[in-house]
Amino acid sequence: MDKLVIRGGKRISGTIAASGSKNSALPVIAATLLAPDGIFTINRIPDLQDVRTFSQLLEHLGAEISFSENILRVSTSNLRNDEAPYELVKKMRASIYVLGPLLARFGHARVSLPGGCAFGPRPVDLHIMAMEKLGAEITIEKGYIDAKVKGDRLQGTTIDFPISSVGATGNALMAAVTAEGTTVLNNAAAEPEIECLCQFLQAMGANISGIGTMTLVVEGVDRLNAVSFENIFDRIEAGTLLASAAITRGEITVTGVRPSHLDSVLKAFQAAGCIVTSGSDYVSLTAPEKLLATDITANPYPSFPTDMQAQWMALMTQADGTSNIIDKIYHERFNHIPELNRLGAHIDIRENQAVVHGPKALTGTKVMSTDLRASACLVLAGLVACETTEVLRVYHLDRGYERIERKLSALGADIERDRYQEFS
């Protein structure tokens with residue numbers, strides 16, 4: 001297995017370009033299943049394990065895919081399969097994204113219940129509810145979702161999501177764009193990644209209004225076409241890079257971004273004492289001499305993102321005072337706390353709240369990644385810890401960050417990837 005070896009104490013400084021977003025790339029790639037012919041060219045696709053796993057899933061379905069220099073080319077003209085098997089789906093929860101487009105294209109889909117990061121329940125109930133509302137008959141047996149269209153075509157409807165879900169919103173959109181009639185999605189997710197998917201579907205010929213709001217209206221069309229498209233930047237990677245400068249008392253400029261997508265995160269950095277400036281396609285951050293303890297609550301966009309919660313916790317170990325961190329999306333997403341405490345942090349858990357007492361001097365040791373964002377949190381802690389930190393099981397990190405050790409090294413970090421033997 002791979003690990004990251006970090007010799008802390010180096011100041012992060014410089015300019016770096018943001019990668020494309022994984023969380024928008026995956027539903028966009030899934031949406032290519034809706035086009036019966038043509039070749040898609042999608043730019044700014046990050047070279048990540050999740051992207052390669054998802055590409056393997058589409059190839060299993062019969063798609064032809066090539067991927068080089070962050071450009072993905074896809075043809076789904078010769079799809080021969082409507083089953084997403086456990087062997088591939090178990091590797092990542094986002095595989096559920098193929099349910100909607102397969103059902104819309106073939107009238108049938110058989111998709112294994114998904115796997116992915118091991119924290120808290122992330123049920124597929126909302127995905128299933130949306131498909132049933134659109135007219136599918138769903139059965140679940142032997143670990144598979146089996147979905148069939150009752151008639152010739154899915155039917156437009158009104159779907160009221162009880163909670164805002166990015167995944168379920170994306171799946172419902174992909175199923176609805178070729179359904180007969182009008183579909184209204186209420187309490188839809190408004191994240192930039194959903195906005196990106198809507199723009200991609202529109203480029204293909206879909207008719208969607210209300211983009212960027214929590215009410216999406218879809219007028220079904222008969223056919224969608226292959227197009228060229230550019231993916232959006234990864235706002236979580238950008239936020240993590242900004243945090244790397246803040247925690248090491250450095251300064252950084254991240255280019256290729258849309259600052260409005262980072263608004264809640266940038267406000268939190270400013271509250272913590274950082275100087276933040278931005279332009280049309282960049283954000284710059286200069287860390288203060290003394291970080292200030294700053295409370296955050298993770299909620300759906302445009303609030304502070306749950307995917308930045310762990311990284312913010314690492315930052316707050318170096319802040320002056322006590323900070324409170326609440327995650328209202330994934331209540332149990334605190335697996336990184338024991339590992340941060342092993343590095344010397346003082347963090348208590350009180351029901352659904354983490355209380356971070358700072359500042360605490362961190363000392364490097366071996367720590368274990370438990371999920372994608374926990375891995376990023378531990379890397380940030382390693383950057384500021386004295387001595388050497390070894391972050392094990394970084395295959396979690398590789399699912400969502402494109403060569404982050406190279407980016408951090410280019411910014412001044414002393415970090416390298418190495419192999420290790422894990423004993424059972």
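Start at the second largest pocket, which has a volume of about 160 Å³. A pocket here is an open set of points on a 1 Å grid over the protein atoms alone, with protein on both sides within 12 Å along at least five of seven lines; lining residues have an atom within 4 Å of a point. The volume is the space filled by probe spheres set on the points, which are joined across faces, edges and corners. Select Asp47, Leu48, Gln49, Arg52, Asp398, Tyr401, Glu402, Arg403, Glu405 and Arg417 to show the lining. Seven of these residues are charged, two nonpolar and one polar, with Asp, Glu, Lys and Arg counted as charged, Ala, Val, Leu, Ile, Met, Phe, Trp, Tyr, Cys and Pro as nonpolar, and the others, Gly among them, as polar.

The model is predicted: local features need pLDDT of at least 70 and side-chain atom pairs count only at pLDDT 80 or more, while totals for chains, interfaces and linings use all residues. Residues are numbered from 1 along each chain as its sequence is written, and side-chain values use heavy atoms, with hydrogens and water left out.

Next, select Ile6, in strand E1 (residues 2-7); strands (E, at least two residues) and helices (H or I, at least four) are DSSP runs numbered from the N terminus. Ile6 is buried, at a relative accessible area of 0%, where buried means under 20% with a 1.4 Å probe, protein chains only. Its C-alpha atom is separated by 6.7 Å from that of Glu416, 410 residues apart along the chain. Beyond neighbours within four places in sequence, the contacts of Ile6 (heavy atoms within 4.5 Å) include Val379, Leu383, Val391 and Ile415.

Color Phe200 and its partners, which include Val28, Phe40, Ile42 and Phe229. Gly205 follows H7 with a positive phi near 120°.

Finish at the largest cavity, of about 40 Å³; in a cavity a 1.4 Å probe fits but cannot get out. Among its lining residues are Arg235, His261, Tyr301 and Pro305. Helices H8 (235-247) and H9 (263-271) are the elements that give two or more residues to this lining.

Definitions and conventions:
Buried means under 20% relative accessible area, exposed over 50%, partly exposed in between (1.4 Å probe, protein chains only).
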